[in-house]
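Here's a walk through a two-chain model, taken one chain at a time and then where they meet. Have the structure open and follow along.

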Amino acid sequence: MADTKSRNRQRLDLLGLLPFLAYVAVFLGVPTVSVVLGAFQDDAGGWTLSNISAAAGDPYLHAFVVSTEISALTAVIGAVVGLAIAFAVSASPPGGVLRQVVSTASGVLAYFAGVPLAFAFIAAIGSQGLVTKWLGALGLDISGFSLFGFAGITLVYLYFQIPLMVLVIFPALEGLRPQWQEAASNLGASRWQYWRLVGGPLLLPPFLGALMLLFANAFAAYATAAALTNGIIPLVPIQIAAVMSGNVAVGQENLGNALGLGMILIVGIALAGYALMQRRTSRWLR
Amino acid sequence: MTATIDPSTEAKPGSPVRLAGLRRGYGQVTALDGLDLDIAPGELVSLLGPSGCGKTTALRIVAGLEHSDSGAVFVDGKDITKVPANKRDMAMVFQSYSLFPNLTAGENVAFGLRLRGVSPAERRKRAGELLELVGLTQHYDRYATQMSGGQQQRVALARALAIEPKVLLLDEPLSALDAKVRVQLRDEIRSLQQRLGITTLFVTHDQEEALSMSDRVAVMNAGRLEQCASPDEVYTRPATPFVAAFVGAMNRIGGIASGTEVEVLGQRLAVTQPPEVPAGAKVTALVRPESVLLTPAVAGLVRVARSSFRGPVTRVTVELADGTEVDSDLPSSAAVDLRPGTLADIRFAPEPVMVIQ
């Protein structure tokens, strides 16, 4: 009797998920299925592999390479710098001002992207930017640095990658119990031995997971790069937008779907890796 | 728990430990206020006291996990106050389960041996022996999350014993366990400690644990040592009113001082230490519930307020004429007729009692 009541209650609670599930189905499920099917169809609706083979050749293959390079580079730099910041903050007193400031700032900055971010950087360190002018007045000329190339995009991406890393890795650092270090020390371990044998192995899965999340985050970023480079840098999302909007050639929507499928696969693999690492971490650091 | 153990884990002479004038403050709060304590080789001494009395601080200073503001720690006669924790050759079992979650039970036990350069084969053999010692042979490859709290603490104990420490430090290792496991594990810890002869400092706020496991109990209050004596002496001859009140239950009954005696409810009782008051002064006698004897009587002086059955013993609470409540622990068979509302005579066992003003 009690079991039946409990089951009914659970079913009722699950009803609360319906709006979310509907949202995911409409805005993620349906588009994904549409992209996957479209990638294997020609304009007449017949099945074909030509879109896939076109997407796998130049110039689109080059776009995948550039996107992968930028994503990997910003993920690695963002992960290392973010870890260092989170590590420093975790050493501060719990509930302290530093923690609150860094946590709040990271929460805001991690999602500050797109056109506003591109504009902020152009206004700051563009060729006519405020900081560029100030530094020029101080005799430091950075006008040769281009925001619109590979290095520029990397720099701008780091603006949201680093805070995202801080947000993602901080709980893992907090999960490291001081008793583990004390127990290790008590058994004869130096600080280095603790990190090599206990702390490091415990942090590795969340670090790798965060790295994959950052990679996926950069790979899927569109608006920032589009606003900043106006399509000069051939990133996959920009190529998809170009194909879909008909700027390249009419009737190539399914090529866009094939590019989208490639992107879904890469980001999906990265996020699956992230989820796998999160699962392992939660088992250890709960 | 039965286990055969390697001869190398049999008793070795433990190390003497001495705490000399340890002081530690945190801002305005004094955690330790000149703690002196000598622990004999192979002895198990419990630091017992209420929360915040400084017992854990003392243990952590001995372990090297905290420093003292002044005072010193000696092991084997050597001053180790400035020696870092990882060079002290001590092992600690923590209150919260502190097994390394990325290592199996066997790897946890072998951790200290690995740091000491013991070969993998020897480590595995020793870890297996120690897990057998704590009754967890089958758990060698299990991770912490795959074990119960009691099993984790057993592994933590095996890990601590693996390095054959000079001193074993136990920081309330049983407090997170359920009652049944707690009693079982405390007996196992005591048995192992005696068999291996390791000098042990055990921190607890549970007086039953302290009294049942220790060679001596050091009762602490507000950073000071109130008394350090055998469990029997601490219980029967408390050195201070704090110890009398903290260890075991204690009645406070008004009486009249009379030199080396005190008159309580018309009965003269010897006092452990005569109070510095003139004869005839009002004092308070501290009497254990088991020293209070009640018998039903139609014209009794006290009335039973309530009774609480506790298996072999029943606690009967009576109310005196002035409203004071007095507890009496009686054999349950003798308490059958002492129902609430019953009138009774009250007498005290002829034992010396402590008196305070």
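This is a predicted model: local features need pLDDT of at least 70, side-chain atom pairs count only at pLDDT 80 or more; totals for chains, interfaces and linings use all residues.

Residues are numbered from 1 along each chain as its sequence is written, and chains are lettered from A and ligands numbered from 1 in the order in which they are written.

Let's begin with chain A. It has 13 helices and zero strands; helices (H or I, at least four residues) and strands (E, at least two) are DSSP runs, numbered from the N terminus. The C-alpha trace of chain A spans about 80 × 70 × 35 Å along its principal axes. Of its 286 residues, 33% count as buried, where buried means that 20 or more other C-beta atoms lie within 10 Å of the residue's own, with 12 or fewer for exposed, partly exposed in between, and C-beta atoms placed from the backbone. Two residues are in contact if their C-beta atoms, placed from the backbone, lie within 7 Å. For chain A, 75% of the contacts with a separation of 6 or more are between residues 24 or more positions apart.

Now over to chain B, with eight helices and 20 strands. Its C-alpha trace spans about 80 × 45 × 35 Å along the principal axes, and buried residues make up 42% of its 357 residues. Among its contacts between residues at least 6 apart in sequence, 66% join residues at least 24 apart. The chain is divided into domain 1 (7-238) and domain 2 (249-356); these bounds come from an automatic or database domain assignment. Taken over C-alpha atoms, the centres of the two domains of chain B are separated by 39 Å.

Start with an open sheet of four strands in chain B, in the order β2-β1-β4-β5 with antiparallel pairing. Two strands pair if DSSP finds at least two bridges between them. At the edges stand β2 (29-39) and β5 (78-79) of chain B, each with a single partner strand, so one side of each has no neighbour in the sheet. Strand β4 (residues 70-75) of chain B runs antiparallel to β5(B), joined by two bridges, and F74(B) has D79(B) in β5(B) as its bridge partner. Helix α1 (residues 55-63) of chain B packs on this sheet, touching β1 (17-26), β2 and β4 of chain B, and its direction makes about 120° with that of β1(B). Axes here are lines fitted to C-alpha atoms, for helices over the stretch in contact, and angles run from 0 to 180 degrees between N-to-C directions.

Next, find strand β7 (residues 167-171) of chain B, where five of five residues are buried. In a regular strand the side chains alternate between the two faces of the sheet. Here V167(B), L169(B) and D171(B) point one way from β7(B), L168(B) and L170(B) point the other way, and all are buried. V167(B) makes a handy landmark, as M90(B) stands opposite V167(B), and V167(B) stands opposite T199(B) in β8(B). β7(B), helix α5 (residues 179-196) of chain B and β8(B) make a right-handed β-α-β unit, meaning that, with the strands pointing away from the viewer, the path from the first strand over the helix to the second runs clockwise.

Another open sheet of chain B has five strands in the order β13-β12-β11-β14-β20, with antiparallel pairing. Its edge strands are β13 (267-270) and β20 (354-356) of chain B, each pairing on one side only, and the twist averages 45° from one strand to the next. Inside it, six bridges join strand β11 (residues 251-258) of chain B to the antiparallel strand β14 (residues 282-287) of chain B, with I256(B) opposite K282(B) in β14(B).

Finally, how do the chains meet? 16 residues of chain A are in contact with 19 residues of chain B. On the chain A side, α9 (178-186), α10 (191-220) and α13 (253-284) each supply at least two residues, and α9(A) gives the largest share, six residues. By class, that side of chain A has eight nonpolar, six polar and two charged residues; Ala, Val, Leu, Ile, Met, Phe, Trp, Tyr, Cys and Pro count as nonpolar, Asp, Glu, Lys and Arg as charged, and the others, Gly among them, as polar.
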